[in-house]
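Please brief me on this structure. Keep it short and organised by topic.

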Amino acid sequence: MSDSPTSKGLGADPYERRWMVISLVILIAFMVTVTVAGFALGFQVPGDESRVDPRTVADSPPWSEPGLRDLGNGEYTAYVLSRQYLFNPNTITVPVGATVTFYVTSTDVQHGFKLQDTNVNMQVVPGEVSRLTVEFDEAGEYKYICNEFCGIGHAAMFGRVIVEADTGGN
Ligand code: CUA
């Protein structure tokens, strides 16, 4: 490269310097995006909660009794077993305002767990437990679907969370 009389600092060519600035701006933009997504928008990375044996997981607690646990104070945990081609349970009912932590695992192949209108979208890998928490502020029906192709019945693999409105009674 020629020694341009206009170069300043680093002895870099102006053209080269411009690209260095662009690279830096892109890097900062990515860092801001990730920070905003994580802290302001509540994006979560599905946690690899723990390891299980996919061959025996369905017979060992808590997975031997999948479903909802009421922890009190509006907190719930939901254990969901995935297998070709169903989720167990396929219906979960909670009151509005509930905070539900989903623990999902597979007994056979890789599945997905995507919960409509929420941030929950997890891979479900045999041998691993995926975990994400969601707060249901609005009553309604939230479908969860398997969004990883898992075989011929993939399209029929779904369930739903029913969030019941506060009736003000009992
Ligand atoms: Cu399970 Cu697709």
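The points below cover a helix, a surface patch and a sheet.

This is a predicted model. The helix α1 spans residues 14-40. A separate topic is an open sheet of 5 strands.

**Helix α1 and its ends**
- α1 has 27 residues. From first C-alpha to last, the helix reaches 38 Å, close to the 39 Å expected at 1.5 Å a residue.
- Asp13 caps the N-terminal end of α1. One of its side-chain oxygens lies 2.9 Å from the backbone nitrogen of Tyr15.
- Phe43 sits in the loop that runs between α1 and β1 (47-51).

**Nonpolar surface patch**
- Leu24, Leu27, Ile28, Met31, Val32, Val36, Leu41 and Phe43 form a nonpolar patch on the surface.
- Together these residues have about 800 Å² of accessible area.
- An α-helix has 3.6 residues a turn, so residues three or four places apart point the same way.

**Open sheet**
- The strand order is β5-β11-β10-β7-β8, and the pairing is mixed.
- β5 (91-95) and β8 (121-124) are the edge strands; each pairs on one side only.
- From one strand to the next, the twist averages 20°.

**The β10-β11 pair**
- β10 (residues 140-145) and β11 (residues 158-164) pair in the antiparallel sense over 6 bridges.
- Glu141 stands opposite Ile162 in β11.

Definitions and conventions. Residues numbered from 1 in each chain as written. Predicted model: local features only at pLDDT ≥ 70, side-chain atom pairs only at ≥ 80, totals over all residues. Heavy atoms only, no water. Patch = residues over 30% accessible without salt bridge, like charges linked within 9 Å, V, L, I, M, F, W, Y side chains within 5 Å. Areas by Shrake-Rupley, 256 points an atom, 1.4 Å probe, with all protein chains shown as cover. Salt bridge = Lys/Arg side-chain N within 4 Å of Asp/Glu carboxyl O. Helix = DSSP H or I, 4+ residues; strand = E, 2+ residues; numbered from the N terminus. Expected span 1.5 Å × (residues − 1). Polar contact = N/O pair within 3.5 Å; in protein donor to acceptor, adjacent residues only side chain to side chain. Pairing = 2+ DSSP bridges. Axes fitted to C-alpha atoms, helices over the stretch in contact; angles between N-to-C directions.
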